[in-house]
Amino acid sequence: MTNNKAIAGRCRRALVAAAIAAVFTSASGSPLATQAAAPTTPAATTVDGGQYYGQLLDGKLHGQGKIVWPNGAWYEGGFDKGLFSGKGKYQASTGATYEGDFKDGVMTGQGRTVDQHGAVYVGHFANNEFDGKGRYELPDKQSYEGDFVKGDFTGNGVYQDKDGSRLAGAFVKWHVQGVATFTGTKGDILEGSFVDNELVGKGRFIGKNGSRYEGEFKNSKFNGQGVFRDAKGNEYKGGFEYGLYEGEGVLTYAVPQTDGRTKDSGTWHYGQLENKEAEKQTKLNVETALYNQRALLDKTLSALLPHEAGKINLYLLAVGGNGAQEVFHRETDFVRKQFDSDFGTQGRSMVLVNSRNTVSEAPMATLTSIRESLTAIANRMDKENDILFLYLTSHGSKDHEFQLDQNGMDLRNLEAKELGKMLKESGIRWKVVVVSACYSGGFIDPLKDEHTMVITAARHDRTSFGCADENDFTYFGKAFFKESLPHSTSFGDAFNKTKTLVATWEKDDAKADGETSEIVHSEPQMHHAAAIDKYLKKWRAQLKAAPQAVDVKQTLPVGPVEQKSTQ
């Protein structure tokens, strides 16, 4: 399904009308200095220097004539009692032109403008503005044809993007508001009621490949109750959220599965059917956590080694926030092994993870455990000279909360500003914080300072990808830790390589999905200041001079990330 939010937003308003209006007012409203007319001399001169050639009536411009201004602008056409009137043509000093009807000194009636950038409007004008029926086209072939009100797309019309996508329906001040139909570059169609360029409420999706959806939408994605039939004929009826199966629903297969079943029914979460055995294990995990988690956290914190005198120590805290998908568990496990092996954190590294498989053996990721871990690390380290590397991986929200979710337990999420407060209260001076989650760019402002490097998997308003349950890495996690960091001279160098890799993978996925015209990249972000860069360089030099002897083998598969689920 194609998101059309960027479609109408790329339309830009032509300002040539306002510019022309200002010149018209000056030219046609100025007193005249008349002089004896001769065929080769002006009949009158306006106070702003315009030379008029043509007819006069009672000392005023009247009839057919032409004005030429010193800046190169000119007007030729009809006048009535000193004002532009009837048919005429105007060219501004910028090269912008208007040709058409005038009334009482302003563009009113049918006309055509071409601005200095080559944008063309043909249609009706009123009081120097696009008003009525018309067509507006940019040089790159974006166009809108339909109703205008006071210079805005308002009324019924058709907007066509340069990529060939098309939006037809009701507009209000350049935004789609009301019943409309969006046709994407692949031929996919969205129909329904739009609010601020997004399909909301009841609507319909028709895919060019034969897939169909009818039901409720939010932000142009399947959201609420609906029925989806894919290109193979499989049909799902039930709840949706963010385009995925969510809640109660029934998936009926067009062809029986290998085990003979013809349908799956029950509760779905992130597009996956919840497993009864998994639910049973979840309940057992809750009880295990109630009695064991305090002891597990205390044991982990007490095992942290203190600062080793005479050197800069690196401490690692890795946090896997979401327990419903094992990718975050696998990723934090990989990062800990990598840092113990390559960056000397053995004995000074720890993981907080929410997982269906570790509740009896590892401390969970909660607000309390994160806060206590930061405090414990701060108490073990030299807070003025050692470095904390904090890695957080999970889902993220638009209001910049890092999801903390353990199966069967309702945990409070970690807000960006709350993490900033925790880090400040810890007293740790030198920090590298990496957040791999959707919308994680929103963590930069609450965390950044001259002693802290902040790296995020996405911009504050973008999603990131790769968080499917079966994956070994998120896109960002694989690009940064597995592919880039082992071959980089610094964390910043690894980030730059990661940004290129992630963009390439996202582009390849879009090509595979046939969505090359509307790629919305995650755009990883980084904040760093000269102070932290200099200090990290000093630490790397120390590390290179005394390499670690620890050999921790990486046991995770090395294959590509296959799923593009958003975080």
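Which residues of α5 are buried? In this predicted model, the buried residues of that helix are L367, S369, I370, S373, L374, A376, I377 and A378. An α-helix has 3.6 residues a turn, so residues three or four places apart point the same way. Helix α5 covers residues 367–380, and at 1.5 Å a residue its 14 residues should span 20 Å. The end C-alpha atoms of α5 are 20 Å apart, which agrees with that expectation.

**The six-stranded sheet**

Six strands form an open sheet with mixed pairing, in the order β24-β23-β25-β28-β29-β30. Its edge strands are β24, at residues 349–353, and β30, at residues 525–527; each of these pairs on one side only. From one strand to the next, the twist averages 10°. Helix α4, formed by residues 327–342, packs on this sheet and touches β23 (314–320), β24, β25 (387–393) and β28. The direction of α4 makes about 170° with that of β23.

Within the sheet, β28 (residues 430–436) and β29 (residues 452–456) run parallel and are joined by five bridges. There, K431 has T452 of β29 as its bridge partner.

**The strands β5, β6 and β7**

Strand β6 pairs with β5 in the antiparallel sense, and β6 and β7 also run antiparallel. The strands β5, β6 and β7 comprise residues 74–80, 83–91 and 97–103, respectively.

| Hairpin | Residues between the strands | Residue with positive phi | Phi |
|---|---|---|---|
| β5 and β6 | two residues | K81 | near 55° |
| β6 and β7 | five residues | G95 | near 100° |

Six bridges connect β5 with β6, and D80 has L83 in β6 as its bridge partner. Six bridges likewise join β6 to β7, where K89 stands opposite E99 of β7.

Strand β2 consists of residues 44–46 and includes T46. Is T46 buried or exposed? The relative accessible area of T46 is 3%, so this residue is buried, the cut-off being under 20%. The side chain of T46 makes a polar contact of 2.3 Å with the side chain of D48. A polar atom of the T46 side chain also lies 2.8 Å from the backbone nitrogen of G50.

Definitions and conventions. Residues numbered from 1 in each chain as written. Predicted model: local features only at pLDDT ≥ 70, side-chain atom pairs only at ≥ 80, totals over all residues. Heavy atoms only, no water. Pairing = 2+ DSSP bridges. Helix = DSSP H or I, 4+ residues; strand = E, 2+ residues; numbered from the N terminus. Axes fitted to C-alpha atoms, helices over the stretch in contact; angles between N-to-C directions. Contact = heavy atoms within 4.5 Å. Buried < 20%, exposed > 50% of the residue type's maximum accessible area, 1.4 Å probe, protein only. Polar contact = N/O pair within 3.5 Å; in protein donor to acceptor, adjacent residues only side chain to side chain. Expected span 1.5 Å × (residues − 1).
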